[in-house]
Amino acid sequence: MNAFSVNATSSKQISEIIPIPISSFGGVLSIPKSETLSMGEPVEIRIPVPWGHISAKTWGSSSGKPVLGVHGWMDNAGSFDKLIPKLSNTLYVVAVDLPGHGRSSHIPQGIPCHYFDFVLSLRRIVNHFKWSRFAWLGHSMGAGLGAYYASLFPAQVERLVMLDLVKGITADTNEDLADKVAASIDSFLGTEGKITPEPPTYSYEDALHRQIAATAGSLTEEAAKTLLIRGTRRVSEERWAFSRDLRLRSPSIQRISHEQAFALLNNIKCHNLLIKASKAPFFEQKDICDKVLGIYKEKCASFQYVEVDSDHFVHLTEPEKIADMVNKFLTEPRAGL
């Protein structure tokens, strides 16, 4: 495991980030057995939205420090089932199923879902709870959404934990833009045409195999079973159907360029902890990732970059490797923004 810590006054050069001992902000120490680290059982809630509801799991008391948990693409709130119980019960964690995921309502028929539509939905959730300040715990796509949300509404997000994604994935939209947008439109229409009132069903073993295969083997069997609790619904004694919206597979018709992403992220101000799994890819070119890390280093109130020896779903398969550092980051006093 490697760790780096920087603050907003540090040099802009990524190469000058100085390694520090992992124990200085939690590391992989064992979780203390104390009352302050006993979350108890989660509570299921539904948040009303114009097209239905957003499902969520909550841990802790609503009087605690609010934390919004946002999962990755095609996952669900169960993604945090192994990590959150290891956090302090002084936190109030709301882990949501994004629209079309888990137990949340699908978007209306005929309407595509763009990447920033998720940001809009998450804004609805924050408004529902009337949070003026809160922390964000995001994995993969949820981490990218967190960085964008924190940049769009910097007065609200005090702390941001990003699990295994440097930023929301973008592309050079100036190259073959018309062809790419046209392909996205046709992909959405083609996927929409495959949706039927009675979706395909599978045996539980087949559904489990498909869940693991869809993540290139980065999920253990136990972790996949955890995601299947919310990610499937039982349609008969022996048959199961995936609950996610098939339209999520289509690439977003709405696109932003690398430069637009950089411009958005330049407005970020929160304390930022980015945990990168060493066995997972960066998902984008190194120069793009380095540029974004430089932005975090310069703009965030504080920035910690940590590399852990694990795979993309470290928070679900090996939560003990990151629980202490996440807990410390979310609970210890920090200078105001």
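In the predicted model, 51% of the 337 residues of the chain count as buried. The chain contains nine helices and eleven strands. Among contacts with a separation of 6 or more, 78% are accounted for by residues 24 or more positions apart.

The largest nonpolar core comprises 50 residues, and Leu 68, Leu 122, Trp 136, Leu 145 and Tyr 296 have the most contacts inside it. The greatest contribution to this core comes from helix H1, spanning residues 115–129, which supplies eight residues. Another core, of 26 residues, lies apart from the largest one and includes Met 39, Trp 59, Val 67 and Ala 77.

When its neighbours within four places in sequence are left aside, Trp 136 is in contact with Leu 68, Val 70 and Leu 122, with Gly 142, Leu 145, Gly 146 and Tyr 149, and with Val 157, Arg 159, Leu 160 and Val 161. Two of these partners, Leu 68 and Leu 122, are also among the residues with the most contacts inside the largest core.

The packing of two helices was also described. Helix H6 (residues 258–265) packs with helix H7 (residues 286–299) at an angle of about 15°, and their axes are 10 Å apart. Because angles under 35 degrees count as roughly parallel, H6 is roughly parallel to H7. The crossing of H6 past H7 is right-handed. On the side of H6, the contact is made by His 258, Phe 262 and Leu 265, while H7 contributes Ile 288, Lys 291, Val 292, Ile 295 and Tyr 296. Classified by type, the residues of this contact are six nonpolar, one polar and one charged.

Terms used. Residues numbered from 1 in each chain as written. Predicted model: local features only at pLDDT ≥ 70, side-chain atom pairs only at ≥ 80, totals over all residues. Heavy atoms only, no water. Core = buried A, V, L, I, M, F, W, Y, C linked by side-chain atoms within 4.5 Å. Buried < 20%, exposed > 50% of the residue type's maximum accessible area, 1.4 Å probe, protein only. Helix = DSSP H or I, 4+ residues; strand = E, 2+ residues; numbered from the N terminus. Contact = heavy atoms within 4.5 Å. Axes fitted to C-alpha atoms, helices over the stretch in contact; angles between N-to-C directions. Parallel < 35°, antiparallel > 145°, perpendicular 65-115°, else oblique. Left-handed = near helix turned anticlockwise from the far one by under 90°. Nonpolar A, V, L, I, M, F, W, Y, C, P; charged D, E, K, R; others polar.
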